[in-house]
Amino acid sequence: MEKDSIKISGMTCAACAQRVQKAVSKLEGIANASVNFATEKLSVEYDNQIASVSNIKDAVEKAGYGVIEESKFNNVTIPIGGMTCAACAQRVEKAIAKLEGITKVSVNLATEKATVEYDSQIIRLSAIKQCIEKTGYKALEIDKNTVDEDKLRKEKEIKTLWTKFIIATAFGIPLLYFAMIPMLSWWPFPVPKALNPMLFPLRFALLQISLVTPIIIAGYRFYTVGFKALFQRSPNMDSLVAIGTSAAIIFSIYNTYEIMNGNFKAVESLYYETAGVIIALILLGKSLEAVSKGKTSEAIKKLMGLAPKTAIIIENDKEVEVPIDEVEIGDIILVKPGEKIPVDGVVLEGNTSIDEAMLTGESMPVDKKAGDKVFAASINKNGMIKFKATKVGSDTALAQIIKLVEDAQGSKAPIAQMADIVSGYFVPIVCGLAILAFLAWFLTGQSLAFSLTIFISVIVIACPCALGLATPTAIMVGTGKGAENGILIKGGEALETTHKINTIVFDKTGTITEGKPEVTDILTTSVVTRERLLQIAASGEKGSEHPLGEAIVRGAEKEKLEFKKVEQFEAIPGHGIEVVIDGINVLIGNKKLMDNRNIDLQELKDSSDILAGEGKTPMYVAMENKLAGIIAVADVVKESSAKAIRKLQSMGIEVAMITGDNRKTAEAIAKQVGIDRVLAEVLPQDKSNEVKKLQAEGKKVCMVGDGINDAPALVQADIGIAIGSGTDVAMESADIVLMRSDLMDVPTAINLSKSTIRNIKQNLFWAFGYNVAGIPIAAGILHLFGGPLLNPIFAAAAMAFSSVSVVSNALRLKRFKAYR
């Protein structure tokens with residue numbers, strides 16, 4: 001069995017994804033096919049002895065969708081110096097073409113550049129450059145700005161949709177004006193006399209046709225996709241738009257024909273503006289949807305962007321810069337201070353501290369020495385190291401996090417949109433009822449015009465505009481209200497799911513806590529005063545880049561203490577520092593440093609144990625080989641954390657905390673805020689697994705975090721909430737972003753969701769109510785018993801009234817109040 005991933009274009013809704021999935025699944029030799037609508041990818045597992053990728057692509061295209069071909073080769077443009085004529089260009093081209101792994105090469109003398117397509121598994125870019133140099137020319141620095149083809153494609157799609165919407169609106173507004181104003185006798189600006197429907201009905205009808213035609217052209221995809229889906233017995237929202245607008249247009253064309261035959265009264269039964277306005281509004285919705293969908297992949301793209309694009313490898317004792325995808329297992333890589341680690345590996349030479357916040361979520365840099373592991377995209381803080389690459393490409397820790405995000409997005413059961421579900425049954429039933437009503441009246445002796453009126457009345461009154469507005473209007477008001485309160489909710493699906501949450505998992509660092517270590521306690525012996533201890537320690541740490549040292553410096557600055565001149569400074573990796581201030585030898589660091597120097601810690605032993613039990617890090621200070629005191633540094637709990645957790649618990653929601661921290665620190669923090677369930681020492685991939693375990697228990701889980709390492713868990717959870725002080729990637733991965741970083745906004749978001757869903761259910765009740773009551777009347781049940789026949793005008797009015805009532809009800813959400 002082989003697995004492959006194919007990029008698909010042209011899908012507009014979940015029903016499209018299902019249709020592609022069904023089409024591929026029917027092929028012989030397909031073991032499993034899954035379409036992710038959010039990422040627009042088909043993941044397929046197949047027997048390559050029976051099925052092939054070309055067969056699968058053909059099935060996708062036959063289903064009415066496109067396949068985006070992704071090149072498996074690298075493309076690079078290399079500027080070349082020293083070429084003087086066409087013969088030079090040909091010489092370089094021939095030399096490169098002879099290399100193994102080159103699939104295409106073209107050298108342009110005018111631009112002095114070689115465009116090369118090559119297989120990075122066979123040949124390295126450095127080898128191509130060496131070939132140019134050996135030929136007698138200079139391979140210049142390559143422009144590292146790469147073009148994101150996928151981003152360009154999505155931007156083009158969004159631009160096309162906005163253009164169509166603008167065209168539809170430009171013609172829709174005058175169409176609506178000319179159609180509606182003649183009915184309003186009190187309106188001060190009537191239509192010109194030459195276009196008055198009562199005086200010149202045919203001219204009026206032709207004007208409407210000329211205005212609605214560009215709108216229909218702009219929305220042609222609703223008809224091509226909608227009717228195709230209908231014929232394939234899987235109608236979607238496009239089908240609803242196509243049937244509703246087609247019914248209005250066909251009925252209007254029929255009445256235009258009647259006007260041409262002298263029946264001027266038929267001018268009252270033109271519904272071109274109904275079709276035009278519906279198409280314009282749906283195009284607006286599709287444009288906004290495309291923008292939101294485009295952001296789905298940005299989280300993954302930002303994760304990918306974390307890794308450096310190049311690495312410096314050691315070849316024959318020389319430093320050679322190569323593209324990241326050319327680094328191989330076993331390569332020796334050099335990383336200088338401030339640079340990112342390009343791939344996973346093991347340190348061979350050097351000492352440093354590395355910020356692994358992207359992997360562990362912890363703000364404290366980790367000391368590294370020979371034999372220690374390093375991870376791609378982590379930041380080398382101060383020392384220079386050489387390490388051996390052990391994991392490259394898709395095997396690195398960062399790549400695994402990216403894969404977890406993608407898998408979580410693909411494996412989440414999508415919440416089926418109510419309108420799409422209803423359309424699957426509602427549309428065929430309504431069409432059937434309309435046809436039955438038409439035949440029943442026609443076969444019992446009524447005229448074609450009468451029966452057609454019945455048919456159109458049923459279609460128009462049943463066109464689920466209210467049904468379509470019920471959810472988006474409430475969501476629009478609900479998300480708007482959330483934004484007013486600093487809660488950004490990324491669409492209806494997130495808002496819909498949030499009300500079902502019964503378990504919330506909080507990340508610790510930067511979520512429950514501030515994410516910035518601060519000095520919390522200063523304990524002294526008889527050797528020194530409190531102020532003197534802080535002054536000496538801060539003066540020594542002034543030159544340090546360690547977060548604990550920086551916290552001590554900030555503590556001294558807050559107390560406006562004067563910094564002393566440091567006469568000697570020595571950093572002791574993994575232990576602390578040794579300095580000389582005012583002629584006094586001072587040691588500042590952890591217990592290991594004190595033990596190594598035989599400093600007696602007995603006097604403050606009990607106090608240090610208590611501090612550690614409270615989740616604080618004790619920093620020992622010794623002066624002239626005698627313990628002077630302890631400065632405790634800790635990540636302080638946010639003011640709103642305990643209050644927010646109590647509120648959630650009062651709402652019947654279970655609260656847990658997850659962290660990569662040690663258990664002692666984690667439990668101390670949890671105790672402060674009232675959390676009983678603690679998941680400590682958990683790596684990023686395990687965070688996602690912990691969420692899965694909770695979901696396997698039947699719980700609806702919300703994950704609240706701020707770091708890149710939280711991204712897989714944020715996506716795996718039913719709802720991911722990122723706090724505003726967090727990383728961009730966490731925010732992109734999340735369903736909800738709290739701009740104020742106030743945890744009280746978490747219970748507010750849940751309450752807002754509950755209010756919105758209640759409003760949606762009310763809207764759906766009224767929308768269905770209109771349809772259930774209106775369809776029998778439109779079918780002529782009142783006329784059957786001697787009552788009036790429902791004119792399509794009144795059918796459209798009923799439909800419009802249902803829409804107005806739904807929007808009005810949604811606006812009641814503006815009264816929502818946030819927790820504070």
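In which sense do strand β5 and β8 pair, and over how many bridges? This is a predicted model, and in it β5, which covers residues 74-81, pairs with β8 in the antiparallel sense over two bridges. If you want a spot to look at, find Ile80: it stands opposite Ala139 in β8.

Now zoom out to the sheet. Strands of a sheet pair through backbone hydrogen bonds, either parallel or antiparallel. Here you've got four strands in an open sheet, running in the order β6-β7-β5-β8, and the pairing is antiparallel. At the edges sit β6 (102-108) and β8 (138-139), each of which pairs on one side only.

Next, bring in helix α3, residues 86-97. Helix α3 packs on the sheet and touches β5, β6 and β7 (113-118). Compare directions and you'll find that α3 makes about 170° with β6.

Helix α3 has a helix partner too. It packs with α4 (residues 125-134) at an angle of about 140°, and the two axes are 10 Å apart. Why call α3 oblique to α4? Angles over 145 degrees would count as roughly antiparallel, so the angle of about 140° makes the pair oblique. As for handedness, α3 passes α4 in a right-handed crossing.

So who's doing the touching? From α3 come Val92, Ala95 and Ile96, while α4 brings Ile128, Cys131 and Ile132. Sort the residues of this contact by type and you get six nonpolar, no polar and no charged.

Key
Residues are numbered from 1 along each chain as its sequence is written. This is a predicted model: local features need pLDDT of at least 70, side-chain atom pairs count only at pLDDT 80 or more; totals for chains, interfaces and linings use all residues. Side-chain values use heavy atoms; hydrogens and water are left out. Two strands pair if DSSP finds at least two bridges between them. Contact means heavy atoms within 4.5 Å. Axes are lines fitted to C-alpha atoms, for helices over the stretch in contact, and angles run from 0 to 180 degrees between N-to-C directions. Angles under 35 degrees count as roughly parallel, over 145 as roughly antiparallel, 65 to 115 as roughly perpendicular and the rest as oblique. A crossing is left-handed if the near helix is turned anticlockwise from the far one by less than a right angle, and right-handed if clockwise. Ala, Val, Leu, Ile, Met, Phe, Trp, Tyr, Cys and Pro count as nonpolar, Asp, Glu, Lys and Arg as charged, and the others, Gly among them, as polar.
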